[in-house]
Amino acid sequence: FAELNPSKICMVGKRHPVSVFSVPLKEDEFKEQIKIIKTQGIRIVNIIRDGRDVIHKDINGSPNVKPDRWIGCIKQTIQYCDIISINVKYEELVENPDSIQLKIAKKLGLIIIHKFSSYPDFVPESVFDEWELAHLKNYRKRTIDKKSVGHNLNEYKERCSNESEILEFEHLLAKF
């Protein structure tokens, strides 16, 4: 949000390296973004995902996210829940896209033009050719599915750096 162009109507902060709730930021950076969110009237749809799927290794064996990053993001979500307009569980979004869309629309006073379940039919092909996305296979035009849910329920134990991190991960997972 610190880099947000005020003329933009919508910003997607997915894995954006400097976005609040996407990475555990330093306290001063976080507070600056919180200030901007509050003063600019920014509304946040915070998508929360099961940590076991977030830190799961992808098909190339590379981790999606390290456990400490997921832990930090969940802690920020809990601590600053008052500035989040609505939390959405990723798993519910992919399983029931239209009902989740309706909840978001009602909460934010939005009018639904295209149903989430129709994605990506209503999105022009050119969007997926943006230079940031053109080389990323996972960001090509594809329908919503549950393929990325429930990969490995115990992999996090191997990926956490120590027993303390495992316990913290499990504690936050239970809150999730």
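A residue is called buried when its relative accessible area is under 20%, exposed when that area is over 50%, and partly exposed in between (1.4 Å probe, protein chains only).

## What you are looking at

This is a predicted model, in which local features need pLDDT of at least 70, side-chain atom pairs count only at pLDDT 80 or more, and totals for chains, interfaces and linings use all residues. Residues are numbered from 1 along each chain as its sequence is written, and side-chain values use heavy atoms, with hydrogens and water left out.

The score pLDDT is the predictor's confidence in each residue, from 0 to 100. For the protein chain the mean pLDDT is 82, and 79% of the residues reach 70 or more. Confidence is lowest in α1, at a mean of 85, and highest in α5, at 95.

## The overall layout

Helices (H or I, at least four residues) and strands (E, at least two) are DSSP runs, numbered from the N terminus. The protein chain has 7 helices and 2 strands, and along the sequence they follow the pattern α-β-α-α-β-α-α-α-α.

How much of the chain is buried? Of its 176 residues, 35% count as buried. The chain exposes about 11,600 Å², and carbon and sulfur atoms supply 53% of that area. Such areas come from the Shrake-Rupley method with a 1.4 Å probe; for residues, only the protein chains shown count as cover.

A contact means heavy atoms within 4.5 Å. Among contacts between residues at least 6 apart in sequence, 57% join residues at least 24 apart.

## A closer look at helix α3

Helix α3 covers residues 67–79.

Which residues of α3 are buried? They are Pro 67, Trp 70, Ile 71, Gly 72, Cys 73, Ile 74, Gln 76 and Thr 77. These buried residues pack against α1, β1 (45–48), α2 (51–54), β2 (86–89), α6 and α7.

Asp 68 also has its place in helix α3, but Asp 68 is partly exposed, with a relative accessible area of 47%. Leaving aside neighbours within four places in sequence, Asp 68 is in contact with Pro 24 and Glu 165. The C-alpha atoms of Asp 68 and Arg 159 are separated by 9.8 Å, although these residues are 91 residues apart along the chain.

## Two buried loop residues

Ile 83 lies in the loop between α3 and β2 and counts as buried, at 10% relative accessibility. Not counting residues up to four places away in sequence, Ile 83 touches Phe 21, Ile 34, Ile 37, Lys 38 and Ile 44. Ile 83 and Lys 38 are 45 residues apart in sequence and 7.5 Å apart in space, C-alpha to C-alpha.

Now back to Pro 120, which sits in the loop between α5 (97–108) and α6 (155–159). Pro 120 and Ile 144 are 24 residues apart in sequence, and their C-alpha atoms are 8.1 Å apart in space.

## Salt bridges and cysteines

A salt bridge is a side-chain nitrogen of Lys or Arg within 4 Å of a carboxyl oxygen of Asp or Glu. The structure holds 3 salt bridges.

| Salt bridge | N to O distance |
|---|---|
| Glu 27 and Lys 31 | 4.0 Å |
| Arg 52 and Asp 50 | 2.6 Å |
| Glu 168 and Lys 75 | 2.5 Å |

The side chains of Glu 168 and Lys 75 meet in a salt bridge. This pair links distant parts of the chain, with Glu 168 in helix α7 (residues 163–175) and Lys 75 in helix α3, 93 residues apart. Glu 168 is partly exposed at 28% relative accessibility, and Lys 75 is partly exposed at 42%.

Glu 27 and Lys 31 are separated by about one helical turn, because they are 4 residues apart in helix α1 (residues 27–40). In the remaining pair, Arg 52 counts as partly exposed at 22% relative accessibility, whereas Asp 50 counts as buried at 9%.

How many disulfides does the structure hold? The structure holds 0 disulfides, a disulfide being a pair of cysteine sulfur atoms within 2.5 Å. Cys 73 counts as buried at 10% relative accessibility, and Cys 160 counts as buried at 8%.
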